[in-house]
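Here are a few friendly notes to read alongside the structure.

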Amino acid sequence: MNEKQTLTDPRKIARNIKQSNEYLAQGEKPSSMATLRKKIAKVAFKFAGHDSENNFANLEQMSTRLFGSLAHFIDNQMALDDLRVRREQASTMSQRKKLTDDMEPYKRGVIGLNRSISDIFDANRDISNSDIQNFAHQAWMLMHKPEEVQYGITKLKQALRGMDHETAMEAAFWNIPGVDNVRQTTEQDELMGIDRIIEFDDGEILNIDIKSSRRGAEDVIYRPGHGLPLASQFSDDEIFLHRPTDEALAARQPYINQTIADLKKRYGERAA
């Protein structure tokens, strides 16, 4: 039996970064913790690197990329929370549009973390959500106040739950008659609320925005070009290590098949 792979200790990553020439070359001691986090992230991403196929080559590199993404995550989430409140309070359409546009760079940062985690799960199916949370907690304790760390963990748990439901529904999509491929999305797709792209053998596609609850799906107003909101058909306890149990998948598959068939009739479009 192969020994379970583990994420690199974030304290080791931080130590290596702070002792590196790349970090020291950035000059004097940062004037604030926010500046320190940006400095650490910049070096972490440089250290992570890519292999020739544009994938992270090993778990140590993936851990380093994750560390860099985490350095930005709490700041990005706090900025998004603030902008969302201000957008809700805005009195004109132009103000709301401006605030929505202002969200984009922070959303990209959050998407970056999600993609870092997805890459780890894809390559190492035995790494759990708890492993990610423990890594994040240790990393954030080096860079944030305790109350900020708790805020970050709460937001991270929400993100991990959403990702679990995305991968669970993806497993069902692959079993649908007529489905040729279930495509992973780009950063730009995700900005448009698209989590998975279902490609059918007749050349049509569906852009799907997977929500972890029915209420989450109902709260989204569909706009052409964006993802179609679709509630996960699985409960949290039917997902184990990012995949639905065989029993849950078999039970939910007929309903998912029919739901996607109905969506395809109404919203299916030809692939570009």
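1. A word to start with: a residue is called partly exposed when its relative accessible area falls between the buried range, under 20%, and the exposed range, over 50%. Arg 252, at 24% relative accessibility, therefore counts as partly exposed. Please keep in mind that this is a predicted model.

2. What does Arg 252 pair with? It forms a salt bridge with Glu 238, and their closest N and O atoms are 2.5 Å apart. This pair links distant parts of the chain, 14 residues apart: Arg 252 sits in helix α10 (residues 246-267), while Glu 238 is in the loop between β4 (228-231) and β5 (239-240). Glu 238 is buried, with a relative accessible area of 16%.

3. Next, have a look at Asp 75 and Arg 37, a salt bridge whose closest N and O atoms are 2.9 Å apart. Asp 75 lies in helix α4 (residues 59-89) and Arg 37 in helix α3 (residues 33-48), so the pair ties together parts that are 38 residues apart in sequence. Asp 75 is partly exposed at 27% relative accessible area, whereas Arg 37 is buried at 7%.

4. Asp 9 and Arg 11 also form a salt bridge, with 2.9 Å between the closest N and O atoms.

5. Side chains of opposite charge can pair when their charged atoms come close.

Technical notes. Residues are numbered from 1 along each chain as its sequence is written. This is a predicted model: local features need pLDDT of at least 70, side-chain atom pairs count only at pLDDT 80 or more; totals for chains, interfaces and linings use all residues. Side-chain values use heavy atoms; hydrogens and water are left out. A salt bridge is a side-chain nitrogen of Lys or Arg within 4 Å of a carboxyl oxygen of Asp or Glu. Helices (H or I, at least four residues) and strands (E, at least two) are DSSP runs, numbered from the N terminus. Buried means under 20% relative accessible area, exposed over 50%, partly exposed in between (1.4 Å probe, protein chains only).
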